[in-house]
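The sequence and model come first.

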Amino acid sequence: MNLAISLCDACQLDWTAIGTILLAIAAFASMGQQWRQFKKLRADDSERAFKNSSVTLITDFDKQFDDLIDERIKVAKIIIENKILENPSFDFSILQNRMDDIYDFFDTLGYFVEQKYIKPEVVHQYFYHWFSMYFEFYKIYNIKELSGFDKTVWNNMPKLSEIMENVESELLGKRRKKITKDDLVKFFGEETLE
């Protein structure tokens, strides 16, 4: 009889141990699921916060860009009146220090995008048209070199251009056509009317 009781106690201990192990496995599985849900919620919160901060920042940038309107009009008039776009080179002294604030603005915008403070799609929505035109002028006439500034100035603009072109390609499903000097003449003509 003692042997039978001992066997029953042993069976009960084994089933208790198995039950405990199964409960532990279920608890760990549940914790894993909860952890995944928690991470998703945090990612959703993070994305929502990023979108909100992008909107706040882009609104501030938009106001700053609007504040540059007088300078943009002056630059556009100089480019159009001096027929700069009709020549492969020009006397940069007529634009010296006039474009700095515009390019500083775009360079700062590029920094914010590259450092992931603001979503590229938001910047594209607000500034792609202007940036692409000013940047094409910058590239065609090698404005950085003409400006005489050191190599650390306006380094974020090429990366911003690449990012904006990628967003544009995603939206169009293909690469946008190359900006021509005729496009720039039209653009700077429109800028004089702002």
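How close do the axes of helix 4 and helix 6 come, and at what angle do they cross? In this predicted model, the two axes come within 9 Å and cross at roughly 120 degrees.

**Overall make-up**

The protein chain holds seven helices and zero strands. Read from the N terminus on, its elements run α-α-α-α-α-α-α. Of the 194 residues in the protein chain, 32% are buried. Among contacts between residues at least 6 apart in sequence, 79% join residues at least 24 apart.

**Helix 4 and its two partners**

Two packed helices are described by the angle between their axes and the distance between the axes.

| Helix pair | Axis distance | Crossing angle |
|---|---|---|
| helix 3 and helix 4 | within 11 Å | roughly 140 degrees |
| helix 4 and helix 6 | within 9 Å | roughly 120 degrees |

The crossing of helix 4 and helix 6 is left-handed. Angles over 145 degrees would count as roughly antiparallel, and 65 to 115 degrees as roughly perpendicular; helix 4 and helix 6 are therefore oblique to each other. On the helix 4 side, the contact is made by Pro120, Glu121, Val123, His124, Tyr128, Phe131, Phe135 and Tyr138. Helix 6 (residues 156-172) contributes Met157, Pro158, Leu160, Ser161, Ile163, Met164, Glu165, Val167, Glu168 and Leu171. The residues of this contact divide into 13 nonpolar, two polar and three charged.

The crossing of helix 3 and helix 4 is also left-handed, and these helices are likewise oblique to each other. Helix 3 brings Ile102, Tyr103, Phe105, Phe106, Leu109 and Val113 to the contact. From helix 4 come Pro120, Val123, Phe127, Trp130, Phe131, Tyr134, Phe137 and Tyr138. What kinds of residue make up the contact of helix 3 with helix 4? The residues divide into 14 nonpolar, no polar and no charged.

**Aromatic pairs**

A search of the whole structure finds 29 aromatic pairs. One of them is formed by Phe105 and Phe127, edge-to-face, at 5.3 Å centre to centre with 70 degrees between the planes. Phe105 lies in helix 3 (residues 100-114) and Phe127 in helix 4 (residues 120-140), so this pair ties together parts that are 22 residues apart in sequence. Both Phe105 and Phe127 are buried.

Tyr134 and Phe187 form another edge-to-face pair, with 5.4 Å between centres and 90 degrees between the planes. Because Tyr134 belongs to helix 4 and Phe187 to helix 7 (residues 181-193), the pair ties together parts that are 53 residues apart in sequence. Tyr134 and Phe187 are both buried.

Tyr111 is found in helix 3. Its relative accessibility is 37%, so Tyr111 counts as partly exposed. Leaving aside neighbours within four places in sequence, Tyr111 is in contact with Tyr117 and Asn156. Tyr111 and Asn156 are 45 residues apart in sequence, while their C-alpha atoms are 5.6 Å apart in space.

Leu146 lies in helix 5 (residues 143-147) and is partly exposed, with a relative accessible area of 35%. Not counting residues up to four places away in sequence, Leu146 touches Phe90, Phe92, Gln96 and Tyr141. Leu146 and Gln96 are 50 residues apart in sequence and 8.7 Å apart from C-alpha to C-alpha.

**Positive phi in two loops**

Most residues other than glycine have a negative phi. Asn142, in the loop between helix 4 and helix 5, has a positive phi near 50 degrees. Trp154 has a positive phi of about 60 degrees although it is not a glycine, and its place is in the loop between helix 5 and helix 6.

Is Trp154 buried or exposed? Trp154 has a relative accessible area of 2% and is therefore buried. Asn142, with a relative accessible area of 38%, is partly exposed.

Terms used: Residues numbered from 1 in each chain as written. Predicted model: local features only at pLDDT ≥ 70, side-chain atom pairs only at ≥ 80, totals over all residues. Heavy atoms only, no water. Phe/Tyr/Trp six-rings, centres within 6.5 Å; stacked < 30°, edge-to-face > 60°. Helix = DSSP H or I, 4+ residues; strand = E, 2+ residues; numbered from the N terminus. Buried < 20%, exposed > 50% of the residue type's maximum accessible area, 1.4 Å probe, protein only. Contact = heavy atoms within 4.5 Å. Axes fitted to C-alpha atoms, helices over the stretch in contact; angles between N-to-C directions. Parallel < 35°, antiparallel > 145°, perpendicular 65-115°, else oblique. Left-handed = near helix turned anticlockwise from the far one by under 90°. Nonpolar A, V, L, I, M, F, W, Y, C, P; charged D, E, K, R; others polar.
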